[in-house]
Amino acid sequence: MAGPKKYKNRNSHIEIVDEPYVCCENFDFLWDRKDLPRFKEMWDDGLSIFEIAERFKRKPQEVLFLIMDQVDIRVIKQRTGGIWGGN
């Protein structure tokens, strides 16, 4: 008899022995590259995460992940107001 099925995340050292659960499946984290300069401009202008989400017709959580990505690759910088807006 075979043991439990094992899953390994390609980007992690974590091994899942039970059935994997994929979180955030109800979000869309794909962005069109042509929208990135517009996003950066909004960020630099001090718009909040909610204002950016509204203008892109997206959920704030989707914008949050884009913010984390763009900070990580140093396209945008942290700002005084953070995700709440301001410069």
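Rings and helices

Reply: Phe27, Phe29 and Phe65 are linked into a cluster by ring pairs (Phe, Tyr and Trp rings, the six-membered one for Trp, with centres within 6.5 Å). This is a predicted model, where local features need pLDDT of at least 70, side-chain atom pairs count only at pLDDT 80 or more, and totals for chains, interfaces and linings use all residues. Residues are numbered from 1 along each chain as its sequence is written, and side-chain values use heavy atoms, with hydrogens and water left out.

Me: How many aromatic pairs does the count come to?

Reply: Five, by that rule. In one of them, the Phe29 and Phe65 ring centres are 4.4 Å apart with planes at 35°, so that pair is tilted (under 30 degrees is stacked, over 60 edge-to-face, the rest tilted).

Me: Where do Phe29 and Phe65 lie?

Reply: Phe29 is in the loop between β2 (15-16) and α1, and Phe65 is in helix α3 (residues 60-72), so the pair ties together parts 36 residues apart in sequence. Helices here are DSSP H or I runs of at least four residues, and strands are E runs of at least two, numbered from the N terminus.

Me: OK, helices now. At what angle do the axes of α1 and α2 cross?

Reply: Roughly 150°, with the axes of α1 (residues 36-44) and α2 (residues 49-56) coming within 10 Å. They are therefore roughly antiparallel (over 145 degrees; under 35 is roughly parallel, 65 to 115 roughly perpendicular, the rest oblique).

Me: Which residues meet there?

Reply: Arg38, Phe39, Met42 and Trp43 from α1 meet Ile52, Arg55 and Phe56 from α2, with contact meaning heavy atoms within 4.5 Å.

Definitions and conventions: Axes are lines fitted to C-alpha atoms, for helices over the stretch in contact, and angles run from 0 to 180 degrees between N-to-C directions.
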